[in-house]
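Thank you all for coming. I would like to walk you through one model this morning, going from the strands to a pocket and ending with the record annotations.

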Amino acid sequence: MRYIVIGAGAVGGTIGARLHQGGHDVLLVARGAHYEALKRDGLRLITPESTETLDIPAADGPVPAREDDVLILATKSQDTVSALAGWPSDLPVACAQNGVANERMVLRRFDRVYGICVWLPAQHLEPGVVAAYGHPYSGLLHVGRYPQGVDDLAERIAGDLGKHGLVGLTQTDVMRWKHGKLLSNLGNAVEALVGHAPGREKVVEAARAEARALLDRAGITYSTPEEEASLRGNQVDVRHIEGIVRGGGSSWQSLARGSGSIEADYLNGEIVLLGRLHGVPTPVNEVLRREANTFAQEKRPPGSMPLETLQALIDGRCAA
Ligand SMILES: NC(=O)C1=CN([C@@H]2O[C@H](COP(=O)(O)OP(=O)(O)OC[C@H]3O[C@@H](n4cnc5c(N)ncnc54)[C@H](OP(=O)(O)O)[C@@H]3O)[C@@H](O)[C@H]2O)C=CC1
Ligand SMILES: CC(C)(CO)C(=O)C(=O)O
């Protein structure tokens with residue numbers, strides 16, 4: 001089997017590197033300066049245990065497909081549709097992404113779709129270089145067929161992911177795990193906007209409480225942090241590796257890179273969408289979605305909004 005990792009950034013780079021280290025055939029798909037660096041120098045993976053430069057083949061777009069190809073999609077959700085353009089729709093696709101919208105988007109064109117719930121703290125440091133901060137293994141990945149179930153390929157993907165530096169588990173209800181992860185990721189926008197300002201947890205908890213109430217009302221089930229923690233075993237998230245500091249999560253990193261876009265429409269925005277479908281107001285997540293998008297479009301640095309400003313915007317929206 002060949003794993004083609006589309007979007008070989010923080011998560012995709014780590015997954016591709018770990019599969020390669022586990023002895024699998026891997027192709028990394030990237031673009032721009034990152035692709036040039038991968039092609040020229042290989043992928044450098046920095047972890048708390050080691051730094052290794054791996055000679056993994058790279059491409060900057062679709063290549064002739066093989067029958068045994070599996071696509072692992074690891075772009076941000078806003079890039080899902082464009083990143084799959086040109087890839088044959090008879091290939092299986094596994095979405096190693098946050099949010100719960102990707103699998104459904106992909107199912108429109110591909111009939112074999114898998115969800116991967118990704119607990120893997122990582123960062124794309126510079127072209128060709130990725131850091132993964134989990135210790136003693138980089139991440140915990142739940143794999144399942146979308147919308148539910150586990151088949152032979154899900155078993156195989158989970159087994160292959162678990163061969164080196166990752167833990168791969170199958171789940172018959174992968175979207176329940178992904179909804180649990182979505183609740184956790186509602187804090188991404190808060191971190192991107194106000195950084196690690198003391199007191200920010202109050203806003204994060206307000207966003208999560210709003211979302212939990214809505215998911216309960218919609219009859220959507222989600223895993224709990226306790227369930228997740230019980231599976232993580234002794235894995236910890238190391239914040240510093242040899243002078244490299246993980247400044248923040250994936251949304252914080254989008255702002256730090258000045259990428260011009262952020263995943264908020266698929267994280268807080270997923271709750272806003274569900275609220276609109278059910279006629280339930282979601283003022284906290286609405287403000288977070290809107291402000292995170294504005295920050296990204298205006299290329300403002302992460303953490304540069306005072307917490308009081310964010311709280312005032314939320315209070316104003318809640319009172320309206
Ligand atoms: N970072 C983390 O710690 C975690 C992230 N996640 C989730 O994983 C997913 C990926 O996030 P993350 O790895 O942080 O994101 P990154 O931005 O680090 O990586 C995504 C990569 O996809 C590339 N890309 C986008 N479109 C294309 C395309 N058409 N062709 C080739 N490459 C493309 C991007 O290129 P470019 O830079 O040019 O846009 C980027 O290199 C997200 O859903 C995120 O929420 C989940 C758990 C942890
Ligand atoms: C949980 C977390 C923060 C990983 O560290 C994440 O999912 C992200 O960065 O988007």
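Helices (H or I, at least four residues) and strands (E, at least two) are DSSP runs, numbered from the N terminus. Please keep in mind that this is a predicted model, in which local features need pLDDT of at least 70 and side-chain atom pairs count only at pLDDT 80 or more, while totals for chains, interfaces and linings use all residues. Residues are numbered from 1 along each chain as its sequence is written, chains are lettered from A and ligands numbered from 1 in the order in which they are written, and side-chain values use heavy atoms, with hydrogens and water left out.

Let me begin with strand E10, residues 129-132, where Val129 and Ala131 point one way, Val130 and Ala132 point the other way, and all are buried. Strand E9, residues 122-126, runs antiparallel to E10 and is joined to it by four bridges, with Glu126 as the bridge partner of Val129 in E10. The two strands E9 and E10 form a hairpin with two residues between them, and in the turn Gly128 has a positive phi of about 85°. E10 also pairs with strand E3, residues 43-46, in the parallel sense over three bridges, and there Leu45 stands opposite Val130.

How many residues of strand E6 are buried? Five of the five, residues 69-73, are buried, so E6 is largely enclosed by the rest of the structure. Strand E1, residues 2-6, runs parallel to E6 with five bridges, and Ile6 has Leu73 as its bridge partner. E6 is also joined to strand E7, residues 93-96, by three bridges in the parallel sense, with Leu71 opposite Val93.

I turn now to the second largest pocket, whose volume is about 340 Å³. Of the 17 residues that line this pocket, the closest to its centre are Val100, Arg104, Glu270, Leu273 and Leu274. A pocket here, on a 1 Å grid over the protein atoms alone, is an open set of points where a 1.4 Å probe fits, with protein on both sides within 12 Å along at least five of seven lines, and lining residues have an atom within 4 Å of a point. Helix H11 (268-278) gives the most to the lining, with five residues.

Finally, the record: in an unreviewed entry, UniProt lists "domain: Ketopantoate reductase N-terminal" at residues 4-134, a span that is 25% helix and 34% strand.

Technical notes. Grid points are joined across faces, edges and corners, and a volume is the space filled by probe spheres set on the points. UniProt positions are given in the numbering used here, feature names are shortened, and annotations may be inferred rather than shown by experiment. Buried means under 20% relative accessible area, exposed over 50%, partly exposed in between (1.4 Å probe, protein chains only). Two strands pair if DSSP finds at least two bridges between them.
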